Amino acid sequence: MDKLIIKGGTRLKGSVTISGSKNASLPICIAALLAPGASTISNVPELRDITTTAKLLGSLGAVVERNGSTLRIDAKTINTVEATYDLVKTMRASVLVLGPLLARFGRARVSLPGGCAIGARPIDQHLKGLKAMGAEIRLEHGYVEAIAKKQLKGERINFDISTVGGTEHMLMTAVLAKGETILENAAREPEIVDLADCLNQMGAKIEGAGTDTIHIQGVNGLLPTAYEVMPDRIEAGTFMVAAAITGGNVNINSMRLEHLDALCFKLQDAGVEITNKDGVVQVKGPRRPQAVNIRTRPYPGFPTDMQAQFMALMCVADGASVISENIFENRFMHVSELQRFGADITIEGKTATVKGVKKLSGAPVMATDLRASASLVLAGLVADNITEVSRIYHLDRGYEHLETKLSGLGASIERVQEP
Ligand code: EPU
C-alpha cells in the first residue's frame, strides 16, 4: 500500500491545471449504456473510480478503451443486465446502471451498495422514482431486481430530499420513458447539468437541469455521442484551499469559478484573495486565515465535499469556527486524524467547533475516505516537520496525480510504497 510523505512549511507557488470531474464522468460514462454504438467521452480523469466504472461497463458487455483522458465506450454489445456485488461495493455510483439498463432492456439486476464510511446512504429515492415510472422492484439476496413489463412511463417524481445520484438516475431512466417526466425538488449540482447536456447531445429532451424542476420528454432511442466532461470543481476547491492554507500564490487553470461561489465567499471572508483573469483563477493566501463558520448544503450551498478541506484551513485560523455537516451523518472522520496534528476540535452531533491554533505539527495519520484524505494532505502541507498519510488508495479514487500537481507548486511531497 502506498503512503504520502509530506514535509510541511512551503508556500505553494505557480500554476496547476484541473482535471475532468470525477462525479460528472461517472454518470456520463454510465449514460453511454443508453445508446447502442460507440460514445467518446473526453476529459475523463485517470482515477480508481473511473477504472471501476470501465470494469463495470465491461462486465455488462460494453467494449471500453482508454486513450489518455478519453474513453471510448461501445454499448452495442451489452450481453447481461446484472451488476455484481464485487463491483458495486467498491463504488456506490455503480447503482446508476440500474435505470439505464431497465429503460433499454426492460430488466436489470444490480447489487445493493450497502453503507459506506460517510453514512448509510440509502437509495430509496432512486427506487421510488423507478417504481413511479412503472418498474416492478424486488429486493432479493442483496440485489435489486427491476422489471418493466412494458415501456416505462413518464411521471411526476417529487424527491423527499435533494439527491444528486437520485436526480441523475431518474434523468438517465426517464429519457427513454414514454411521455413526460417531471422531477421536482431535483438536485441542482453542476454535474447534473453536465449529464443533462450530454444526454441532450445524444438526442434526449431535457429542460431545466440546474433548477429544482426538470422536465424530460421521453424519446424512442438515443444515439452515441462525443462529449467533453466539465472540470472537477472539488479538485479545484481543494487546490484553492491548498494555496490558502500555505499562504501561497497559485494560478489555477481549467476551472469554473462560478461552480464554487459558496466556497469563494467563505475563503474571501477568511482573508483569501481570489481573482479571475482570462479564465485563470489566482488564489493568494493570507498570512493567517480568519475563522469563519460554514454549513454544508446542497448546491448552490457550501459543498459537503469541501467540508473536510475547509476544516483543515480552520485548524490554523485566527479564532474559532463552527462547521456543521448537513448532508452526511458521519462525515467527521477526519477530525480525530486532524487532532493528531494538534488541532483543537470538538464535535457535538453534526457540528464541529474548531479553535484555530498557530501551528500544526506533522504526524503519522490515516486516510479514511476521499475528502478526509485530502484534508490530511492539506494539514500536512502547513504542519511542522514530517507528515505520513497512509491508506491513500482513498485519495486515488478522486484526485488525479495529486502529489505530482502539488510538487509542481513547490510542495515537498512524495509517494512511497509501504512494505
Ligand atoms: N439519500 C437518501 N436516499 C436516497 C439518496 C440519497 O437518503 O435515495 C441521502 C444520502 O444518504 C445523503 C443525502 O441524501 O445523506 C445526499 O446524497 P446524494 O444522493 O445527493 O449523494 P450521492 O449521489 O450518493 C454525490 C457525490 C458525493 C457527494 C454527494 C453530495 C457522486 C459519485 N458522489 O453522492 O461525492 O458528496 O453527491 O454532494 O457524484 C465525493 O466525491 O467524495 C463524494 C462523496
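1. Four helices, namely helix H1 (22-31), helix H5 (124-132), helix H6 (164-174) and helix H12 (370-382), each contribute at least two residues to the shell around the ligand. Helices here are DSSP runs (H or I) of at least four residues and strands are runs (E) of at least two, numbered from the N terminus.

2. The model is predicted: local features need pLDDT of at least 70, side-chain atom pairs count only at pLDDT 80 or more, and totals for chains, interfaces and linings use all residues. Residues are numbered from 1 along each chain as its sequence is written, and side-chain values use heavy atoms, with hydrogens and water left out.

3. The ligand is surrounded by 22 residues, the closest being Thr163, Gly165, Asp305, Ile327 and Arg371; a residue counts when one of its heavy atoms lies within 4 Å. By class, 9 residues of this shell are nonpolar, 7 polar and 6 charged. Charged denotes Asp, Glu, Lys and Arg; nonpolar denotes Ala, Val, Leu, Ile, Met, Phe, Trp, Tyr, Cys and Pro; the others, Gly among them, are polar.

4. A polar side-chain atom of Thr163 lies 2.7 Å from an oxygen atom of the ligand, and a polar backbone atom of Ile327 is 2.6 Å from an oxygen atom of the ligand. Of the 820 Å² that the ligand exposes when taken alone, the protein buries 85% (Shrake-Rupley method, 1.4 Å probe).

5. Thr246 is placed in the loop between helix H8 (233-245) and strand E15 (249-253). Thr246 is buried, with a relative accessible area of 8% (buried means under 20%, with a 1.4 Å probe and protein chains only). Leaving aside neighbours within four places in sequence, Thr246 is in contact (heavy atoms within 4.5 Å) with Thr10, Arg11, Leu12 and Leu381.

Technical notes:
Buried means under 20% relative accessible area, exposed over 50%, partly exposed in between (1.4 Å probe, protein chains only). A polar contact is a pair of N or O atoms within 3.5 Å; within protein, one must be able to donate a hydrogen and the other to accept it, and residues adjacent in sequence count only if both atoms are side-chain atoms.
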